[in-house]
Structure formats: C-alpha cells, structure tokens
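Trainee: I have a model open and would like to go through it with you. Can we start with how the strands are arranged?

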Amino acid sequence: MLTQIYEISTPEEASALSAIGVDHIGVLVGDGQFPRELPISTASKIGAAIVPPSKFSALFLTRDLSLIASWARELNPAIVHLGASAELLSPQDVASLKRMLPGIVVMRSIPVFSEESVAIAESYVGIADFLLLDSYRSTDKQIGALGVTHDWNISRRIVDVVRIPVVLAGGLGPDNVAGAIQAVRPAGVDSKTKTDQDGSHDKDLERVRRFHEAARAAADNRFPSA
C-alpha cells in the first residue's frame with residue numbers, strides 16, 4: 001500500500017517524511033498562479049532532501065505544458081503529478097507532455113463527482129501511469145485540496161474498471177484511511193489537509209506517522225479470502 005503526503009514545504013519536512021517511510025512525498029510547484037505554489041529553487045531543495053526509497057512527486061496545477069516540461073526537466077522528480085481540472089488538461093495534452101519528456105512517470109488527478117468520473121478515468125488508459133482520485137468543486141481550476149471525502153463507490157468502480165494503479169485522495173487522515181482502503185481497494189492513499197497541523201499548512205508529523213501506519217496495517221487485511 002503506497003502512502004503519499006502533500007504539500008511538503010521545507011527540506012526538513014521532506015527528510016522527516018522519508019524517515020517515517022512515506023512512499024511519495026509531494027511538493028506543489030508553480031509560478032504563483034495558485035496559492036502556496038513553491039518556486040523551482042525551493043522545490044529543488046526539498047527534492048534533494050528526500051531520501052530513497054521515498055520518491056519526489058512534483059504537483060503542477062497549471063495547464064501550461066511548456067512550463068511543466070521545463071520545470072520537470074530541471075527538477076527531475078520521480079513523478080510528475082498533473083492536477084489541472086479535466087476540461088483544462090485533456091488526455092491528448094498529457095500524451096503530448098509524455099512525448100516531450102520520454103520516460104516520464106505521470107500521475108493524473110481525476111475529479112470524483114458522478115459516473116462521468118469513470119469515463120474520465122478510462123480516457124487515460126495507456127497514457128497515465130497513476131490516477132489520483134480526488135474530491136472536486138466545479139468552480140475550481142484544479143482538482144483536490146478540499147479536505148473532504150467523496151463517493152467512494154465511484155472510486156471503487158474506477159479501481160475495478162480502469163487498469164491503472166489508483167491513489168485515493170480526498171479528506172483522508174489517520175482516522176478514516178482504513179475504512180477508505182477497505183471500501184475502495186486502491187494501490188495507494190494520499191493525505192494533505194488531514195495531516196496538516198491545525199490552522200496551518202505545515203505537516204503534523206505524528207498525524208503523518210499514524211496515517212502511514214494505519215494504511216499499512218489496513219492493507220494487510222484488505223483482501224479477505226473471498
């Protein structure tokens with residue numbers, strides 16, 4: 001069971017999460033179009049503090065393929081995570097980016113809001129390497145970071161239908177991650193808001209540890225004999 005934690009903002013946080021054993025350490029990067037985006041210089045320092053086997057995941061909310069490609073070449077993250085809303089960044093756009101960056105590993109956020117989400121997820125077969133299923137607000141230009149859960153039945157349908165590894169996100173924390181794993185059976189789970197310190201975007205390392213341990217424990221029991 002992969003564990004993924006966002007948004008890491010300092011090298012010290014990155015080092016601490018590596019020590020806990022978090023698999024994917026996520027950093028929001030960009031040129032300031034969206035709140036809390038980190039400049040490339042800061043993101044580079046955070047990426048350098050991530051200790052293998054933990055992996056650096058760079059989250060881009062922009063639809064600007066040239067910026068994504070340029071920054072990805074400089075940062076060289078293990079994963080390029082694309083979080084722009086579905087109508088702003090198409091499967092064809094993502095395929096184009098992969099041609100620009102041969103060998104790149106792409107995680108694509110999928111908005112979970114109705115049965116239409118299953119079709120959106122299916123459109124990335126053969127293109128995306130991971131899907132991140134997240135909560136969504138129709139007025140947003142990006143997917144996720146809302147701190148609320150969505151309909152896990154839809155997410156489970158995506159897991160069952162789309163043969164791409166799925167990371168489940170959306171309001172997950174130490175107290176509900178086991179239930180989410182049981183309901184959806186994803187390849188991994190993601191937390192941002194519910195592992196932040198209260199009233200802050202800094203990480204609460206104890207909450208991160210509890211989330212990671214709860215996810216791993218739940219994964220041991222997620223496949224009963226049936």
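Strands and pocket

Mentor: Strands β6 and β7 (residues 166-168) run parallel and are joined by three bridges. Strands here are DSSP runs of E with at least two residues, helices are runs of H or I with at least four, and both are numbered from the N terminus. Two strands pair if DSSP finds at least two bridges between them.

Trainee: Which residue stands opposite Val-166 in β7?

Mentor: Leu-131 stands opposite Val-166.

Trainee: Before we go on, where do the numbers come from?

Mentor: This is a predicted model, so local features need pLDDT of at least 70 and side-chain atom pairs count only at pLDDT 80 or more, while totals for chains, interfaces and linings use all residues. Residues are numbered from 1 along each chain as its sequence is written, and side-chain values use heavy atoms, with hydrogens and water left out.

Trainee: What sheet do the strands make?

Mentor: A closed barrel of eight strands, in the order β1-β2-β3-β4-β5-β6-β7-β8, with parallel pairing. On average, neighbouring strands of this sheet are turned by 25° against each other, direction ignored. The axes behind that angle are lines fitted to C-alpha atoms, for helices over the stretch in contact, and angles run from 0 to 180 degrees between N-to-C directions.

Trainee: Take β5. Is it buried or exposed?

Mentor: Strand β5 (residues 106-111) is mostly covered, with six of its six residues buried. Buried means under 20% relative accessible area, exposed over 50%, and partly exposed in between, with a 1.4 Å probe and protein chains only. Val-106, Arg-108 and Ile-110 point one way from β5, Met-107, Ser-109 and Pro-111 point the other way, and all are buried.

Trainee: What does β5 pair with?

Mentor: On one side, β5 is joined by three bridges to strand β4 (residues 79-82), and the two run parallel. Val-80 is opposite Val-106 there. β5 also pairs in the parallel sense with strand β6 (residues 130-134), over five bridges. In β6, Asp-134 is the bridge partner of Pro-111. Between β5 and β6 the chain crosses through helix α5 (residues 116-122), and this β-α-β crossover is right-handed. Right-handed means that, with the strands pointing away from the viewer, the path from the first strand over the helix to the second runs clockwise.

Trainee: And why is β3 called largely enclosed?

Mentor: Because five of the six residues of strand β3 (residues 55-60) are buried. Leu-59 of β3 has Leu-28 opposite, and also stands opposite His-81 in β4. From β3 the chain crosses through helix α3 (residues 65-75) to β4, in a right-handed β-α-β crossover.

Trainee: Different topic. Where is Asp-31?

Mentor: Asp-31 is in the loop between β2 and α2. At 46% relative accessibility, Asp-31 counts as partly exposed. Asp-31 and Leu-67 are 36 residues apart in sequence and 8.9 Å apart in space, C-alpha to C-alpha.

Trainee: What volume does the largest pocket have?

Mentor: About 400 Å³. Of the 29 residues that line the largest pocket, the closest to its centre are Glu-7, Arg-36, Ile-143, Gly-144 and Ala-145. On a 1 Å grid over the protein atoms alone, a pocket is an open set of points where a 1.4 Å probe fits, with protein on both sides within 12 Å along at least five of seven lines, and lining residues have an atom within 4 Å of a point. Points are joined across faces, edges and corners, and the volume is the space filled by probe spheres set on them.

Trainee: Which strands supply the lining?

Mentor: β6 and β8 (188-191) each supply at least two residues.
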